[in-house]
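Dear colleague,

Please find below the structure that I am handing over to you. My findings follow directly after it.

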Amino acid sequence: MDVLDQLAEPAVALTGRVDDLLAAAGAPDGHRIWPLLRRLRVLPGDAVRAVLELRPEALAGAGEVGAELRRAYHETGAVLADGGSWQGPTAEVYAAHRSGLAEHVTGLTGRVDAMTGYAEAVAGWIEETRYALARTLADVLGSAEAVAVLTTPPRAAGVEPGGLPPGPAAAEIGARILGTVDEAYDRAEALPRRWAAELDLLDHRPPDLPTVRPDAGRIAL
């Protein structure tokens, strides 16, 4: 359990009220929450619940899977390196295929390393996002805006004596939460671009070879 889990219950309660107020009354014209709502297409409460469901532990096994794949590719490479005692044109064709496959397997090993690195980067992003949101929630839970949102009766549209308007207060809380999520979204979008080249599909192209007749003679092409 991390700090975000510890804040989950009060955060869900607060942002649920924020969502209700935004759905019922909207936000003030020109408020900074509007571009965030348009970009993310999610209400603050839904955003908080989505981040709560993100778990870096789900990617913890990527390193072990990668190690197993590397071992398998290493064993395959060792088999390919053993060309046997064949001789003649057919053996030469086989050797060319074997060499091409060995090179392909080496490339696949690099892809496995990239996959493991990408999984670790995504897990790191999840941890950073959960921590950043926890800090934002810790601030808003103790704010005057939170008091206005949580203590205003659902049907009250005005301002309580000495308090803040519940609608603008909800918009302010929502903007702070969505601002944090928006920054995390930008970092998430950058991850696939950063790893795209290393994770790209690796095609195997068999070598161009002459056809071999059954009597082991070459046919010139």
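Helices here are DSSP runs of H or I with at least four residues, numbered from the N terminus. Please note that the model is predicted.

In that numbering, Arg41 belongs to the loop between helix 2 (33-40) and helix 3 (44-53). Its phi is near 55°, a positive value in a residue other than glycine. For context, most residues other than glycine have a negative phi. Arg41 has a relative accessible area of 75%, and is therefore classed as exposed, the cut-off being over 50%.

I turn next to the aromatic side chains. The count comes to 1 aromatic pair. The partners are Tyr118 and Trp195, arranged edge-to-face, with 6.3 Å from centre to centre and 65° between the planes. This pair links distant parts of the chain, since Tyr118 is in helix 5 (residues 89-141) and Trp195 in helix 7, 77 residues apart. Are the two partners buried or exposed? Tyr118 has a relative accessible area of 26%, so this residue is partly exposed. Trp195 is at 12% relative accessibility and therefore counts as buried, which requires a value under 20%.

Together with Val65, Leu69 and Met115, Leu199 forms a nonpolar patch on the surface, and the four have about 280 Å² of accessible area together. Leu199 counts as partly exposed because its relative accessibility is 33%.

Yours sincerely,
A colleague

Key: Residues are numbered from 1 along each chain as its sequence is written. This is a predicted model: local features need pLDDT of at least 70, side-chain atom pairs count only at pLDDT 80 or more; totals for chains, interfaces and linings use all residues. Side-chain values use heavy atoms; hydrogens and water are left out. Patches are made of residues with over 30% relative accessible area and no salt bridge: like charges are joined within 9 Å, nonpolar side chains (Val, Leu, Ile, Met, Phe, Trp, Tyr) within 5 Å. Accessible areas come from the Shrake-Rupley method with a 1.4 Å probe; for residues, only the protein chains shown count as cover. A salt bridge is a side-chain nitrogen of Lys or Arg within 4 Å of a carboxyl oxygen of Asp or Glu. Buried means under 20% relative accessible area, exposed over 50%, partly exposed in between (1.4 Å probe, protein chains only). Helices (H or I, at least four residues) and strands (E, at least two) are DSSP runs, numbered from the N terminus. Rings of Phe, Tyr and Trp (its six-membered ring) pair if their centres lie within 6.5 Å; planes under 30 degrees apart count as stacked, over 60 as edge-to-face and the rest as tilted.
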